[in-house]
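Subject: Structure handover and what was found in it

Dear colleague,

Please find the structure below, together with its sequence.

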Amino acid sequence: MDGSGSTPIVMGAPTSLDPSDWGSFRVQGHRMLDDMLDYLEGIRERPVWQPIPDGVRARFREPLPAGPTDLAVVHEEFMENILPFATGNAHPGFMGWVHGGGNPDGMLAEMLAAGLNANLGGRDHVPMEVEKQIGHWARELFGFPEGATGLFVTGTSMANMIALLVARHAMVGDEVRRAGIGAFGGLVAYTSAAAHGCISQAMDLAGIGTDSLRQIPTDANHAIDVALLERAIADDRARGLRPFLIVGTAGSVDIGAIDDLQALAAIAKREDIWFHVDGAFGALGMLAPEIAPRLAGMEKADSLAFDFHKWGQVPYDAGFIMVRDGEQHLATFTNPAAYLRREKRGLAAGSPWFCDFGPDLSRGFRALKTWFTIKVHGAARMGAVISGTCELAQYMKRQVEAHPELELLAPVQLNIVCFRYRCADPDPVNAAIAADLHESGIVAPSTTVLDGQLAIRAAIVNHRTEIHDIDAAVEATIRFGRARTEVRGSLQAAREINASEP
Ligand SMILES: *Cc1c(COP(=O)(O)O)cnc(C)c1O
């Protein structure tokens, strides 16, 4: 600047990101909505999953676009290159890992939430009340007291991590937040050998270390061996260590086992140890009258982690953490910051805020899709969906047991069936069958290893799955199993012939 005058502000290209023509944008928006409704309505006609063609993958290695592209063109690209090559967990044939199917009402709610663009870190607005409403419902469902807190997070991995931090804080006190965990040696936690890997990861991330997690062997039902747990606690106490956390599992990820939560609650109470339940998918079994009694003891937990995005069918992501003593939860995370000052009135009221209960400050409106899903369908129907998946699992178990070429590898306790095709050298063959099933587009199970044996694992979570999807899964497994063993058999025969020739 030479001081001769201010630079005039030049109004150049428009900086608003809103459409210049709302009329045509509206038409395009309706087209996009229709495409997604078509996708969900016709999902059965599609393959569950299909391999990504090289040309499609290459579409996502483009340089940063400097200029604009018409929304209709970008949408077309989505329809062509993204939609057909998604995970497929909306499809009734998807039985891999533990993936929820989502639901159309939740999808529409996501659009409404994105339109509001609410930030649920804090402040005084009704979206905050919607999240609190979900907390009230969860308290009611799980029998938690009035003072319990609830918080949406990405998933149960994060929810377990938060629970571990609250347990740590409750055990050693507020000093840990300043001095760090190094000043507090000897903390040990307990869970079963079948617990999800994120428990061990949380020990690592919290600075306590995975060596301080005792992974107690399981009993015949794949639940934690309670007697061995008690012995481990006594041994650790005798060595001067500080047991601070027991993590029970309500629905183990490999076979759907439920720990004896009553027994764990009693041990935790007697030993003055924090009792956390990882109920990632199983906790919502409370909605199903025949499953709820098997979860007895969960209501005594100090904290409970679960996902609405699995058995709850809410679109990803929607994890949730509940802490019985909300004061303990608050004391673990709350932080005074001048720019987050709370007031008695105005938008800055409503303290405490959700950012006081976890590491996230900016937070999306996950509560809305959950609220819509629960309101539209009601708790009873959501429970019926859960019961239905367990009935399908029992049906699949009977099909597996009835077929001489198949073998059941674990008891079917909830909605997960672990089995394999009987043959020589079964591990590589069954791994290949699982991949064949994926590539066929008929069904997408995953695999796990049980007692050193590779199992094809069908976790029936999706509300769209029906009996004929189970039949198709069983039939295709046998077909691919035969093809695989015949190919191997003839290769073996060919090798033997070659070897016998001079
Ligand atoms: C799925 C699952 C988790 C992890 O939950 P995310 O929502 O994927 O983070 C943890 N524990 C169990 C038992 C699970 O099934």
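A salt bridge is taken here as a side-chain nitrogen of Lys or Arg within 4 Å of a carboxyl oxygen of Asp or Glu. Please keep in mind that this is a predicted model, and that between domain 2 and domain 3 the count of such salt bridges is zero. Across that interface there are, however, seven residue pairs in polar contact, with both residues of each pair at pLDDT 80 or more. Sorted by class, the side of domain 2 that touches domain 3 consists of 11 nonpolar, eight polar and four charged residues.

As for the layout, the domain assignment gives domain 1 as 22–87, domain 2 as 119–364 and domain 3 as 377–500. The C-alpha centres of domain 2 and domain 3 are 33 Å apart, and the contact between these domains draws 23 residues from domain 2 and 22 residues from domain 3. About 1,700 Å² is buried between domain 2 and domain 3, with carbon and sulfur atoms giving 63% of that area. Within domain 2, the residues that lose the most area to domain 3 are Ile-255, Leu-287 and Trp-311, which together account for 37% of what that side buries.

Turning to the aromatic rings, the count comes to 10 aromatic pairs. One of them joins Phe-306 and Phe-308 edge-to-face, with 5.0 Å from centre to centre and 70° between the planes, and both Phe-306 and Phe-308 are buried. Ring pairs also link these two residues with Phe-142, Phe-152 and Phe-320 into a cluster.

With best wishes

Conventions: Residues numbered from 1 in each chain as written. Heavy atoms only, no water. Domains from an automatic or database assignment. Contact = heavy atoms within 4.5 Å. Buried area = accessible area lost by both parts, 1.4 Å probe. Polar contact = N/O pair within 3.5 Å; in protein donor to acceptor, adjacent residues only side chain to side chain. Nonpolar A, V, L, I, M, F, W, Y, C, P; charged D, E, K, R; others polar. Phe/Tyr/Trp six-rings, centres within 6.5 Å; stacked < 30°, edge-to-face > 60°. Buried < 20%, exposed > 50% of the residue type's maximum accessible area, 1.4 Å probe, protein only.
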